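Thank you all for making time this morning.

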Amino acid sequence: MTEVLLLGRRAVREIARYPEATIPTLFIPLFFLAVNIGQVSKTFPSSTPFLNGQGYVAFQLPVSLMFAVATATSGLALVTEIDNGYFDKLRVAPIRRSSIIFGRLSSDLVRGVMTSTVVLLAGLALGARIESGFLGAVVIVLLASLFGVAYAGFGILVALRTRNVQATQSSFLLFFPLLFLTPNFVPFDRLSPLMETLARINPVSYVIVGLRSLIIDGWDAGKIGVCIAVIAGMGVILTALSLRTMARYDR
Amino acid sequence: MERSVLDPDSFAPARAGDDAVIEARALTRTFKGGIEAVRGIDLEVSPDEVFGFLGPNGAGKTTTVRMLCTLLPPTSGTAKVAGFDVAQSPDAVRHRIGVALQEIGLDPAQTGRELLELQCGLYGITGRRARTRAEELLELVGLTEAADRRTKTYSGGMKRRLDLASALVHEPVVLFLDEPTTGLDPASRLTVWEEVRRINEAGTTVFLTTQYLEEADKLCDRLAIIDDGQIVTQGTPQELKATMGHDVVSVSLDGADPTSAEAAMQGLPGLERIVAEPDALAVYVENGAGSIAEIVRRLERDQIPIGAISVSRPSLDDVFLQATGRRLEGQEQGAEATQEGDKR
């Protein structure tokens, strides 16, 4: 546990020292938030049924939160370390190798809390209201950050499998289809049949739906429960795969 | 070096007796695709020795070190380090070894001090003890002034020294150094040599790999020459050089055929051995200065043109040439560009 804390603290220090690595990850979510609202807010006025009286910003905010937290930053940091040799330095130390992964993931949690808070505040500034109140806002930030942690497992997995910087960098691209084959612009029932089918089998949809329910509807235990289950499932599967790859590294 | 932070007695089991600190038997590593990087290595390193692994790039030095350091499991064969089997008890080995690999493993975002304190933490040294230990080590490698700068601002020599210090936080029984001076300027190289000697005098066994003859000669108590995944010869530098003979007369042939030059030397008084190279001949004799005249006379007799001629004591390069048919010298500069070959 000490090892995870030590390595996590180091990774957090990295975030503070390289703000230029974190700030650009905020650009895309804030840009999409502003542009999407600007383009469709007349099409979907607050009288639109699925907006429950709010502006379109409330509907888009979860999508931006996902963009803010889903990064390949940890994977990139890890692959850089594999490249420069520090990774071997850690592997030769008498620590649990899993702590190298958990150290990284703990910094994803910290970074996720930071970036999702910024995006959430931006959404509030643009007029969104959190129906579930302050506690709901805290839960939104937490769930978004945990989604970021789960997603980071994917970058880490690619880093460990390929040991290649370019591959790890482009692993982030996988997120685009996952994020857009969702009810990101309109609810499920407004999608074309094909898109609806794809969106319904995409687990990321339920994370968006869960976060959105906290903003637009208030507390909906069912939607939040599914959201938590998806995040936990993703996290467990990706982390387990990373741990297995780590255990078999250079066998 | 003061042993104030860790109790050296905690390593007592591994140090007991005169048992070898490193012991490898038929150690082999074959990579995917059937590349045999290490092909059955046997070696023993005694406590308090500086043991050198001399060889060209791609000879299997790094692969051997990675196996001994528990980073890479052997395909077959066994190795014990500090009394523990590297494959059976890797964690026990890791507690007792310090490692500075060829690629200097530093985190550029941290300062030298932070890096050493984190390294302490990974070995269970925390709090004030970690701070004291980091301070001591910074002083040991002369980085006290640069301690609070991020390592990315360090020069190559400073990085190497910090890496060395980070391998020492837990006072290891064995220190592994993979090409500790490759890429360093001559002055930094000397500094690293001094550090290694000091560390060794403080009681740490050192296992280092090098492609530099001078480094092997000056720094190592004993060495093994490795080529193409196998140890071709081992001993103290003096022993190895003595096996070659007393003096070596090096004749560079001006385009002439070495075979005919070799034939011309048959029956030379005091001849110990002849090693032919593509464009040169190394003639090992009892008395070099006294044999020059006769050597020149014989070459002239057979109308073999001479480019240059010199007398010297046999060097490790002569040993290397005898064992492998190639010289190591001269490969050194060009070799740095092709380091990739030795990484795996």
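Let me begin with the charges on chain B, where 37 side chains are positive and 55 are negative, with the centres of the two sets lying 5 Å apart. Please keep in mind throughout that what you see is a predicted model. In chain A the counts are 21 positive and 13 negative side chains, and there too the centres of the two sets are 5 Å apart.

On surface composition, chain A has an accessible surface of about 10,500 Å², with carbon and sulfur atoms contributing 70% of that area. For chain B the accessible surface is about 14,000 Å², and carbon and sulfur atoms hold 47% of it.

Turning to architecture, chain A is built from twelve helices and zero strands, so that its radius of gyration can be read against that of a globule: at 19 Å it is close to the 18 Å that the globule rule gives for 251 residues, and chain A is therefore as compact as a globular protein of that length. Along the principal axes, the C-alpha atoms of chain A fill a box of roughly 60 × 35 × 30 Å. Buried residues make up 55% of the 251 residues in this chain, and of its contacts with a separation of 6 or more, 78% are between residues 24 or more positions apart.

Chain B, by contrast in its secondary structure, has 14 helices and 14 strands, and its C-alpha atoms occupy a box of roughly 80 × 45 × 40 Å along the principal axes. Of its 344 residues, 54% count as buried, while 70% of the contacts between residues at least 6 apart in sequence join residues at least 24 apart.

Now to one element of chain B, helix 4, which covers residues 112–122. How many of its eleven residues are buried? Ten of them are, so this helix is largely enclosed by the rest of the structure. Among the buried residues of helix 4 are the charged B:Arg113 and B:Glu114, together with B:Leu115, B:Leu116 and B:Cys120. Against which elements do the buried residues of this helix pack? They pack against helix 5 (127–140) and helix 6 (156–166) of chain B, and also against helix 1 (2–17) and helix 5 (86–91) of chain A. Just after helix 4 of chain B, B:Gly124 takes a positive phi of about 80°.

That brings me to the cysteines, where a search of the whole structure finds zero disulfides over all chains. B:Cys69, for instance, is in no disulfide, and the nearest cysteine sulfur, that of B:Cys220, is 16 Å away. B:Cys69 is also buried, with a relative accessible area of 0%. For B:Cys120, the closest cysteine sulfur is the one in B:Cys69, and at 19 Å it is too far for a bond, given that a disulfide needs the two sulfur atoms within 2.5 Å. B:Cys120 likewise counts as buried, at 0% relative accessibility.

Key
Residues numbered from 1 in each chain as written. Chains lettered and ligands numbered in written order. Heavy atoms only, no water. Helix = DSSP H or I, 4+ residues; strand = E, 2+ residues; numbered from the N terminus. Rg over C-alpha atoms; globule rule 2.2 N^0.38 Å. Buried < 20%, exposed > 50% of the residue type's maximum accessible area, 1.4 Å probe, protein only. Contact = heavy atoms within 4.5 Å. Areas by Shrake-Rupley, 256 points an atom, 1.4 Å probe, with all protein chains shown as cover. Charge placed at Lys NZ, Arg CZ, Asp CG, Glu CD.
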